[in-house]
Amino acid sequence: MNKNDIKLIIIILIIAIMILIVIAISDNNKNTKKALIYYDNNLIKTIDLNVEETQEYTVEGYNGEVKIIVENGKIKVDEENSPLHLCSKQGFIEKNYESIVCLPNKIIIKITSDSQEQYDTIIR
Amino acid sequence: MEIKKISRLAMLLAISVTLNIIESFLPIFNGYIPGFKIGLANIVILIVIYVYNFKDVLIISILRVFLVGILRTGLFSPSFFFSLSGSILSIITMYLAKKYTKLSIIGVSILGSISHTIGQIIMAIIFYNLNMIYYMAFALIFSIPTGILIGFLAKEIKKTLDTSIEWQNN
């Protein structure tokens with residue numbers, strides 16, 4: 001490991017920390033935060049994350065039912081049928097731009113606090 | 001290509017496929033952070049970049065993705081294309097870094113790790129239209145320890161290969 005490698009590592013760390021800071025700044029409007037659930041790239045459900053009590057939802061995935069739990073502004077996949085159970089191992093997500101991807105079930109959960117997502121279409 | 005080179009590249013290809021499969025049995029990194037793995041197969045790719053030329057690396061890398069696709073993940077599945085775009089972007093980056101920068105094998109390995117992730121993220125954006133910026137920050141941080149580990153292993157193995165008479169006697 002020479003000097004140039006250490007410079008490279010420092011540059012990478014600075015970029016990563018800058019990305020995290022930008023996300024933390026854009027993460028302030030908690031009230032409008034929503035989870036968008038996609039099946040096979042089609043939006044099938046929008047869940048408002050601004051809830052006090054724990055809520056359970058069930059959506060139909062490619063391999064059967066996918067159980068989703070929402071509590072306190074966070075969302076996670078609780079049970080699903082897939083070989084590695086990657087998306088239920090991932091646990092809760094809560095930040096803007098975070099996502100859970102369940103490839104075997106073709107389910108994608110994205111978090112957004114962008115108010116534009118409320119509109120069906122935008123005509124230009 | 002002379003026979004000795006063909007058999008050596010075939011052996012390296014077999015090692016890289018084996019490392020890839022061994023890695024899938026290591027439960028530590030399997031899933032708790034999605035998409036994060038050590039990338040043991042990259043040891044072989046790094047050695048091939050440093051010993052042979054770009055064409056050989058490209059052939060080894062693409063063949064490895066196809067073989068792993070047949071053996072494990074399924075040919076032409078989404079993870080096959082993720083792996084293909086990641087591998088191609090990472091070998092191009094590593095080759096350019098080796099040729100035009102003053103980085104050591106460890107720095108080249110870190111860049112390879114990052115560009116592998118970026119290649120996969122590009123595919124994720126094409127396939128699923130995801131905003132991966134959050135994931136990118138963690139991928140950048142994790143690429144440092146894995147890149148150092150892989151680069152260090154490749155350096156040590158290459159040192160042994162350089163001193164072995166069998167390897168030099170082309």
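How many residues does the contact take from chain B, and how many from chain A? In this predicted model, the contact takes 22 residues from chain B and 25 residues from chain A. The secondary structure of chain A comes to two helices and seven strands, while in chain B the helices α2 and α3 come within 9 Å of one another, taken between their axes. The points below begin with the contact between the chains, continue with the helix pair of chain B, and then turn to chain A.

**Where the chains meet**

- On the side of chain B that touches chain A, the elements that give two or more residues are α5 (105-128) and α6 (133-163) of chain B.
- The largest share of that side comes from α6(B), which gives seven residues.
- Sorted by class, the residues of the side of chain B that touches chain A are 15 nonpolar, six polar and one charged.

**A helix pair in chain B**

- Helix α2 (residues 41-51) of chain B and helix α3 (residues 54-73) of chain B have axes that cross at roughly 160 degrees, and because of this angle α2(B) is roughly antiparallel to α3(B).
- The crossing in which α2(B) passes α3(B) is right-handed.
- From α2(B), the residues that make the contact are A41(B), I45(B), V48(B) and I49(B), and from α3(B) they are D56(B), V57(B), I60(B), S61(B) and R64(B).
- In terms of class, this contact of α2(B) with α3(B) has six nonpolar, one polar and two charged residues.

**Chain A as a whole**

- Chain A has 124 residues, of which 24% count as buried.
- When contacts in chain A between residues at least 6 apart in sequence are considered, 34% of them join residues at least 24 apart.

**The four-stranded sheet of chain A**

- An open sheet is formed by four strands of chain A in the order β2-β1-β7-β6, and the pairing is antiparallel.
- The edges are taken by β2 (42-48) and β6 (99-102) of chain A, each of which has a single partner strand, so one side of each is left without a neighbour in the sheet.
- From one strand to the next, the twist of this sheet averages 15 degrees.
- Within the sheet, strand β1 (residues 34-39) and strand β7 (residues 107-112) of chain A pair in the antiparallel sense over six bridges, and L36(A) stands opposite K110(A) in β7(A).
- K106(A) is found in the loop between β6 and β7 of chain A, where this residue has a positive phi of about 60 degrees although it is not a glycine.
- K106(A) counts as partly exposed, because it has 18 C-beta neighbours inside 10 Å.

**Two hairpins in chain A**

- Strand β3 (residues 55-61) and strand β4 (residues 64-71) of chain A pair in the antiparallel sense over seven bridges, with G61(A) standing opposite G64(A) in β4(A).
- The hairpin that joins β3(A) to β4(A) runs through two residues.
- β4(A) also pairs in the antiparallel sense with strand β5 (residues 74-79) of chain A, over five bridges, and the bridge partner of E71(A) in β5(A) is K74(A).
- β4(A) and β5(A) form a hairpin as well, with two residues between them, and N72(A) in the turn has a positive phi of about 55 degrees.

Methods
Residues numbered from 1 in each chain as written. Chains lettered and ligands numbered in written order. Predicted model: local features only at pLDDT ≥ 70, side-chain atom pairs only at ≥ 80, totals over all residues. Contact = placed C-beta atoms within 7 Å. Nonpolar A, V, L, I, M, F, W, Y, C, P; charged D, E, K, R; others polar. Axes fitted to C-alpha atoms, helices over the stretch in contact; angles between N-to-C directions. Parallel < 35°, antiparallel > 145°, perpendicular 65-115°, else oblique. Left-handed = near helix turned anticlockwise from the far one by under 90°. Buried ≥ 20, exposed ≤ 12 C-beta atoms within 10 Å, placed from the backbone. Pairing = 2+ DSSP bridges.
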